Amino acid sequence: MRSIMMIVNEKREDAAKLASQVQVALEEREIAVVGAESDRDVELVLVFGGDGTILWSAQAARERSIPLLGVNLGHMGFLAEAEVSSLESLVDRVAAADYAVEERMTLELDVQMPDGSVQHDWAINEAAIMRTDLAHPAHFGIGVDGQGVSTYGADGIILSTPTGSTAYSYSAGGPVVWPDTEAVLMVPLAAHGLFTRPLVVGPNSELEVSILKQQWADIEVWCDGIRRITAPAGTRILCRPSKVPVKLARLSDTPFSARLVAKFDLPVSGWRRLGLEES
């Protein structure tokens with residue numbers, strides 16, 4: 001019997017109600033629905049919630065190397081593929097396994113503590129390296145491929161994938177990078193220094209952030225806003241593209257540019273109007 005994992009934002013009553021309806025419809029088609037705690041073999045992770053719920057669910061999809069399909073119940077829903085208005089079609093497409101699979105690059109992080117211990121983590125959107133003392137900036141050293149590039153004070157530094165370039169990185173002034181681009185972004189938050197522009201490096205590069213000695217408090221490393229690592233002064237954070245992607249199920253072939261315009265409600269009317277009158 002085929003099985004699908006369903007993950008629901010339990011804090012939202014509408015999500016639980018819609019998920020229950022979809023579960024009944026799938027079981028009528030002889031597809032079992034299991035929860036995140038199940039160790040059963042599943043073919044798809046179906047998520048009801050916003051981007052936060054999808055990010056939380058990405059761990060299960062990544063570990064099992066199966067696609068994730070999000071139903072948007074949040075505000076932006078950049079990672080979601082389906083809307084609540086199309087649930088009947090969603091059930092039919094899932095039952096028929098009628099979807100394309102798109103791989104999204106993830107980041108892997110090595111957080112090297114001053115005592116020599118190392119903590120490992122990963123992110124599909126970003127790793128946010130943040131100050132905890134709101135009265136004082138944190139002090140960072142940054143490097144690329146073993147070469148020091150700059151030092152500066154800042155509220156934090158965001159290490160982002162192309163997928164995450166429309167999230168926290170974008171809010172901090174980082175560029176929008178198409179999700180099929182192989183690149184890693186380093187975007188400073190409210191930095192003060194001579195060289196504080198965002199950096200975009202290729203897939204073979206390794207970014208490094210050093211937590212310099214002159215800190216007022218420990219730094220926190222947040223992966224996708226879910227998992228936290230406390231990083232004291234003297235910590236080195238190494239970041240590179242991971243070999244393990246997250247797979248997203250796609251129900252349409254809408255190009256990313258069209259998704260971008262729709263999600264941000266960009267003003268594109270007349271973008272080809274050249275001001276030339278016909279003779």
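Alanine 97 is partly exposed, with a relative accessible area of 40%; by the convention used here, buried means under 20% relative accessible area, exposed over 50%, and partly exposed in between, with a 1.4 Å probe and protein chains only. The residue sits in the loop between helix 3 (87-95) and strand 6 (100-104), where helices (H or I, at least four residues) and strands (E, at least two) are DSSP runs numbered from the N terminus. Alanine 97 has a positive phi of about 50° although it is not a glycine. Most residues other than glycine have a negative phi. Alanine 190 also has a positive phi, near 45°. It lies in the loop between strand 13 (184-189) and strand 14 and is exposed, at 59% relative accessible area.

The structure is a predicted model, in which local features need pLDDT of at least 70 and side-chain atom pairs count only at pLDDT 80 or more, while totals for chains, interfaces and linings use all residues. Residues are numbered from 1 along each chain as its sequence is written, and side-chain values use heavy atoms, with hydrogens and water left out.

The protein contains 5 helices and 19 strands. Its C-alpha trace spans about 70 × 60 × 35 Å along the principal axes. Of the 279 residues, 49% are buried. Among contacts (heavy atoms within 4.5 Å) between residues at least 6 apart in sequence, 68% join residues at least 24 apart.

The domain assignment gives domain 1 (3-99 + 251-264) and domain 2 (106-243); such bounds come from an automatic or database domain assignment. The centres of domain 1 and domain 2, taken over C-alpha atoms, are 30 Å apart. In the interface, 11 residues of domain 1 are in contact with 14 residues of domain 2. Together the domains bury about 1,100 Å², with 74% of this on carbon and sulfur atoms; buried area is the accessible area (1.4 Å probe) that two parts lose on being put together, summed over both. Leu55, Arg62 and Phe256 supply 50% of the area that domain 1 buries against domain 2, more than any other three residues.

On the side of domain 1 that touches domain 2, the elements giving two or more residues are helix 2 (51-64) and helix 5 (256-264). Helix 2 provides the largest share, 5 residues. By class, this side has 8 nonpolar, 2 polar and 1 charged residues, with Ala, Val, Leu, Ile, Met, Phe, Trp, Tyr, Cys and Pro counted as nonpolar, Asp, Glu, Lys and Arg as charged, and the others, Gly among them, as polar. Between domain 1 and domain 2 there are 2 residue pairs in polar contact, both at pLDDT 80 or more. A polar contact is a pair of N or O atoms within 3.5 Å; within protein, one must be able to donate a hydrogen and the other to accept it, and residues adjacent in sequence count only if both atoms are side-chain atoms. The interface has 0 salt bridges, a salt bridge being a side-chain nitrogen of Lys or Arg within 4 Å of a carboxyl oxygen of Asp or Glu.

In the whole structure, 16 salt bridges are found. Side chains of opposite charge can pair when their charged atoms come close. Arginine 104 is buried at 7% relative accessibility, whereas glutamate 102 is partly exposed at 29%. Both residues belong to a network of salt bridges that links Glu81, Glu102, Arg104, Arg250 and Arg259.

A further salt bridge joins aspartate 155 and arginine 131, with the closest N and O atoms 3.3 Å apart. Aspartate 155 lies in the loop between strand 11 (147-154) and strand 12 (156-160) and arginine 131 in the loop between strand 9 (126-130) and strand 10 (138-144), so the bridge ties together parts 24 residues apart in sequence. Arginine 240 pairs with glutamate 206 at 2.6 Å between the closest N and O atoms. Because arginine 240 is in strand 18 (residues 236-241) and glutamate 206 in the loop between strand 14 (199-201) and strand 15 (207-211), this pair ties together parts 34 residues apart in sequence. Arginine 240 is buried at 18%, and glutamate 206 is partly exposed at 27%.
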